[in-house]
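Dear colleague,

Please find below the structure that I am handing over to you. My notes on what was found in it follow directly after.

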Amino acid sequence: MRWEVTTLGQVVQLERNRNEDLKRIYLGLENIQSDTGQIVGVTQCADDVSSAYAFEQDDVLYGRLRPYLNKVHLAKAPGCCSTEIFPLRTKAGLHPSWLSKFLRRSPIVKELNDSCTGARMPRTSPQAILGLRIPIPPIDEQERIVEVLDETFAAIDKAKANIERNLTNARELFQSRLNDIFSNPSEDWEVRSLGEISAIRYGHTDKSNADFRGPKFLRITDIQDGVVNWESVPRCNPMTEQDWAKYELRKGDIVFARTGATTGKSFLLPDVEDAVFASYLIRVRLHQLDAAPFVALFFESPEYWAVVAEGTTGSAQGGFNAKKLSSLSIPLPPREVQAEVIMELSELRRNVRNLEDGYQAELNSLEELRQSILEQAFEGKLTEPVAA
């Protein structure tokens, strides 16, 4: 039998009824996982979310904000949701699960993403969603294909869960060894304050712009995943020789985020272009440069982060100033032991990153498989479950 092709507006009703039942569960975009549609944590509706949309069992919830996140959930029970989510109710002849899987397809994600308005908070419109063209086989064929997809996707999700456990275990390898080293220092390790072994300075206050003619201007946001992409770092205004002497960055310097959500995050500069650092950073320059890699490792340890947490308690913005940093106690072994620790942890970090890359590639392959299977299903080519 031929499949009908029609617009969603012909077979779906967009429900935007305000919720009046505060006993219902509440779902925000943060509660819907990308790609899988699984739910992560829920709360009860409260007075401050009484303007949310009500939805019923078997409604398909579509996240309209940033559609590239691919947040689609088939409701298992009534509830209410953020107004950034559209409840879609299927009419006779369209299976709700067929609709939810249709909306998760990569071409649909792209089409809706391309329809967005708003640069900072891109949203798709009801017209874009209801104007989508959907292939609809007979209802019994929809049910058969949905059953095959559910079985296949359950296997994919199980495989992904196993890989994600392996990924978590790999990441914990480095942290576990780091903890072993710094939580059990030998008796011959000397404990010194950071202020004794380094010079500590706040950063330079200025504006930043790619068109300025001054030095590169390193900010907290330029440090991502332990790397600085110097090509994207903006510049500040030209500086006097006096200011350059104060704020110049050199190889072996360690910079710290002193405020905000990333308070305590540190970065050891393996190399540096002509650059200075911004005022929300603190620079630490070790008197003995060869100790910098070891001290930088300490700044990743649980002992260090416990001190940061204690030092920022009670601050709305979070903050860790130079005085607190200066008084921080650093366990320092003899230089030859420092070199051994640096070599061991550097090799372990490389091995862990290789494992992470491998596991992430497997996760990406499984998501590609999911999308490939979806395309087969909506082209009428899926006859039986596919092994993950």
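Grid points are joined across faces, edges and corners, and the volume is the space filled by probe spheres set on the points, the probe being one of 1.4 Å. Among the 18 residues of this lining, Thr36, Lys76, Lys101, Arg104 and Asp150 are the closest to the pocket's centre.

The model is a predicted one: local features need pLDDT of at least 70, side-chain atom pairs count only at pLDDT 80 or more, and totals for chains, interfaces and linings use all residues. Residues are numbered from 1 along each chain as its sequence is written, and side-chain values use heavy atoms, with hydrogens and water left out.

The most is given by α5, with four residues. By class, this lining comprises four nonpolar, six polar and eight charged residues, where Ala, Val, Leu, Ile, Met, Phe, Trp, Tyr, Cys and Pro count as nonpolar, Asp, Glu, Lys and Arg as charged, and the others, Gly among them, as polar.

The largest pocket has a volume of about 1100 Å³. It is lined by 30 residues, of which Asp225, Gly226, Glu300, Arg349 and Arg353 are the closest to its centre. The elements that contribute two or more residues are α5, β14 (223-224), β15 (227-228), β17, α8 (292-298) and α11. The largest share, seven residues, comes from α11. This lining divides into 16 nonpolar, five polar and nine charged residues.

**The helix pair**

The axes of α5 (residues 139-183) and α11 (residues 335-378) come within 10 Å and cross at roughly 170 degrees. Axes are lines fitted to C-alpha atoms, for helices over the stretch in contact, and angles run from 0 to 180 degrees between N-to-C directions. The two helices are therefore roughly antiparallel, a term for angles over 145 degrees. Their contact has 24 nonpolar, three polar and eleven charged residues.

Four bridges join β16 (residues 254-257) to β19 (residues 281-286), and Ala257 stands opposite Leu281 in β19.

Another open sheet of four strands has the order β2-β9-β6-β7, again with antiparallel pairing. Its edges are β2 and β7, each with a single partner strand, so one side of each lacks a neighbour in the sheet. Here the twist averages 25 degrees from one strand to the next. Three bridges join β2 to β9, and Leu14 stands opposite Leu88 in β9.

**Salt bridges**

The whole structure contains 22 salt bridges, each defined by a side-chain nitrogen of Lys or Arg within 4 Å of a carboxyl oxygen of Asp or Glu. One of them joins the side chains of Glu15 and Arg89 (3.6 Å, N to O). Glu15 lies in the loop between β2 (12-14) and β3 (25-27) and Arg89 in strand β9 (residues 85-90), so the pair ties together parts that are 74 residues apart in sequence.

With kind regards

Conventions
Pairing = 2+ DSSP bridges. Parallel < 35°, antiparallel > 145°, perpendicular 65-115°, else oblique. 1 Å grid on protein atoms, 1.4 Å probe; cavity = no way out; pocket = protein on both sides within 12 Å on 5 of 7 lines; lining within 4 Å.
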